[in-house]
Amino acid sequence: MQVQTHVDINSEWGIVAARQAGRKLAREIGFGSVDQARITTAISELARNIYLYANKGQIYIEEVSNANKRGVKITAIDQGPGIKDVRKVMEDGFTTSGGLGAGLPGVRRLMDDFTIDSEVNNGTTISAIKWLR
Amino acid sequence: MYQLYKEMLTNYLRNKSEHTLYSAQQFSKEMMVKDLSPEEMVSLHISVFKEIVEDLPEEVIDSFDLLLEVMIGYGLAHREHLSLRDRQRQLESELNVAARMQQSLLPSKELKVDEVDFGVTSVPAGKMSGDYYHYIVDEQGHIGVAVADVIGKGIPAAMCMSMIKYAMDSIPEQRLQPAALLENLNRVVERNIDSDMFITMVYGSYDPKSHRFYFASAGHEPGFFYEAATNTFHDLKTKGIVLGVSPKVQYHESSLKLEPGDFVVLLSDGVTETRVNGEFIERKDVSQLIGKYKHLPAQLMAEQVFRELERMQDFQLKDDFTLLILRRNV
Ligand SMILES: Nc1ncnc2c1ncn2[C@@H]1O[C@H](COP(=O)(O)OP(=O)(O)OP(=O)(O)O)[C@@H](O)[C@H]1O
Ligand SMILES: [Mg+2]
């Protein structure tokens, strides 16, 4: 059975709810405590960006699997302003908050697969998968 | 790794010895080499701790959740540090290549002419230099020398400096007319170089038959003229606006006669703006220093002056340094 939940993000509460959902699924799939913390941190960062820059959006959390492994997939979707220069925001040291290593480059590091799709004035979709080893 | 940490923690809980703490310090180095992240280290501690201490209070176990969550952030900062370090290394090696390329823009053949004794030293404050020097001997045996200084430092100044070389190459031979040369160069610079970049330059040419030294300057730090007969230094007084400010500029040309043993010194402001204990040294101090080494061949003289000034500022150059000396042989 593959589970999918989604959480609306329009307040700090939404961020916490998304973390909770993510941690629950990660634990069920069998991730250890370090990876659970990594996955929830990635969810926080994505959800916080939605909240801060797009005001509202959704976080989808689902189990994924391929031939021989299982994982957690997080998808963050919003219809906000979009990101003008994606390459730049993916570079280390470019977060506006100067947040040491966090932000989108941090999400990419915390997770295994990472894709970002953003169009100015049309919103942003980011998805990231962590595979169980 | 697990076993090793388990032994260390067991030992420490038993005897609290400094020796075990020392092993832990060595262990941390090893773990960093293995790229173990801070959160993984914490997690290792937790599992080992749980194993060797039975019936840990629930609060202790739960408290680790909080610690782990906090350590994720440190882990990210650590990994960012590693990736920035790699990038820094890459930039460093690119910069080394660029610095070598820049070096190749300077004259490579030594200037060997019987009538004069010539020396030049140029040292960048960083990897790349905003100073430029040039020398050439034309078919008639006239010697052209120049020192230029881009106002500003670092890579932008260095890139600008590279352009001067090509600007010099692009203007036709007029090596005996310093003022005309600067006027032409000014036009090229004005047209091609950003308006917020300024270049100062002094150009001189020496005619070994008449022993006259002609020179003109575009806002450049005045050089020195050493008169052997009276053992005195004079400023090479010049007037002229820096290159690139306005398209039509006229430069004033002066000349003087060199007697045997007389020499001229061209320099960049990195020489005169040497700071010792926070204060600029005086031009007089520079000429005195040059005078101190005047018994040496020009090349050694330039090198010695550099060495001494470098030592005076504790080997930390604030600005690019260029010193060029041309002496009439006896
Ligand atoms: N969902 C989004 N919609 C619009 N812009 C976004 C979105 N997510 C990120 N951005 C833009 O990308 C930039 C980088 O985001 P990132 O999360 O990497 O860093 P940050 O939010 O500026 O700082 P930090 O997350 O470290 O506190 C943001 O400053 C913002 O301009
Ligand atoms: Mg952010």
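Figure 1. B:Y133 is buried, its relative accessible area being 10%. The model shown here and in the other views is predicted. B:Y133 belongs to strand 2 of chain B, which covers residues 131–137. Leaving aside residues up to four places away in sequence, B:Y133 touches B:L106, B:P107, B:V120, B:S122, B:A146, B:V147, B:T322 and B:L324. B:K318 stands 185 residues from B:Y133 along the chain, and the C-alpha atoms of these two residues are 19 Å apart.

**Figure 2. The interface of chain B and chain A.** In this contact region, 15 residues of chain B meet 17 residues of chain A. The two chains bury about 1,300 Å² between them, and 54% of this area is on carbon and sulfur atoms. Of the area that chain B buries against chain A, 42% comes from B:E69, B:L76 and B:E80, more than from any other three residues. Between chain B and chain A, 6 residue pairs are in polar contact, counting pairs with both residues at pLDDT 80 or more. On the side of chain B that touches chain A, the elements giving two or more residues are helix 3 (38–52) and helix 4 (58–103). Helix 4 of chain B gives the most to this side, with 11 residues. By residue class, the side of chain B that touches chain A comprises 5 nonpolar, 4 polar and 6 charged residues.

**Figure 3. Salt bridges across the interface.** There are 5 salt bridges across the interface of chain B and chain A. One of them pairs B:E69 with A:R19, with 2.9 Å between the closest N and O atoms. In another salt bridge, A:R38 pairs with B:E40, and the closest N and O atoms are 3.3 Å apart. This pair joins two chains, because A:R38 lies in helix 2 (residues 33–54) of chain A and B:E40 lies in helix 3 of chain B. A:R38 is buried, with a relative accessible area of 7%, whereas B:E40 is partly exposed at 29% relative accessibility. Both residues belong to a network of salt bridges that links A:D35, A:R38, A:K130, B:E39, B:E40 and B:R79.

**Figure 4. Two side-chain pairs within chain A.** A:K24 and A:E28 form a salt bridge in which the closest N and O atoms are 3.4 Å apart. The two residues are 4 residues apart in helix 1 (residues 12–29) of chain A, so about one helical turn separates them. The other pair is A:E63 and A:R70, whose side chains are joined by a polar contact of 2.9 Å. A:E63 is located in strand 2 of chain A, residues 57–66. A:E63 is buried, at a relative accessible area of 7%.

**Figure 5. The salt bridge between B:R283 and B:E221.** The closest N and O atoms of B:R283 and B:E221 are 2.7 Å apart in this salt bridge. B:R283 counts as partly exposed, with 21% relative accessibility. B:E221, at 18%, counts as buried, because the limit for buried is under 20% relative accessible area. Over all chains, the count of salt bridges comes to 22.

Figure 6. Most residues other than glycine have a negative phi. B:D314 is not a glycine, yet its phi is positive, at about 55°. B:F315, also a residue other than glycine, has a positive phi near 60°. B:D314 is in the loop between helix 9 (298–312) and strand 12 (321–328) of chain B, and B:F315 is in the loop between helix 9 and strand 12 as well. B:D314 is exposed, at 58% relative accessibility, and B:F315 is exposed at 54%.

**Figure 7. The two domains of chain B.** Chain B is divided into domain 1, residues 2–99, and domain 2, residues 107–328. Their C-alpha centres lie 56 Å apart.

Definitions and conventions: Residues are numbered from 1 along each chain as its sequence is written. Chains are lettered from A and ligands numbered from 1 in the order in which they are written. This is a predicted model: local features need pLDDT of at least 70, side-chain atom pairs count only at pLDDT 80 or more; totals for chains, interfaces and linings use all residues. Side-chain values use heavy atoms; hydrogens and water are left out. Buried means under 20% relative accessible area, exposed over 50%, partly exposed in between (1.4 Å probe, protein chains only). A polar contact is a pair of N or O atoms within 3.5 Å; within protein, one must be able to donate a hydrogen and the other to accept it, and residues adjacent in sequence count only if both atoms are side-chain atoms. Contact means heavy atoms within 4.5 Å. Buried area is the accessible area (1.4 Å probe) that two parts lose on being put together, summed over both. A salt bridge is a side-chain nitrogen of Lys or Arg within 4 Å of a carboxyl oxygen of Asp or Glu. Ala, Val, Leu, Ile, Met, Phe, Trp, Tyr, Cys and Pro count as nonpolar, Asp, Glu, Lys and Arg as charged, and the others, Gly among them, as polar. Domain bounds come from an automatic or database domain assignment.
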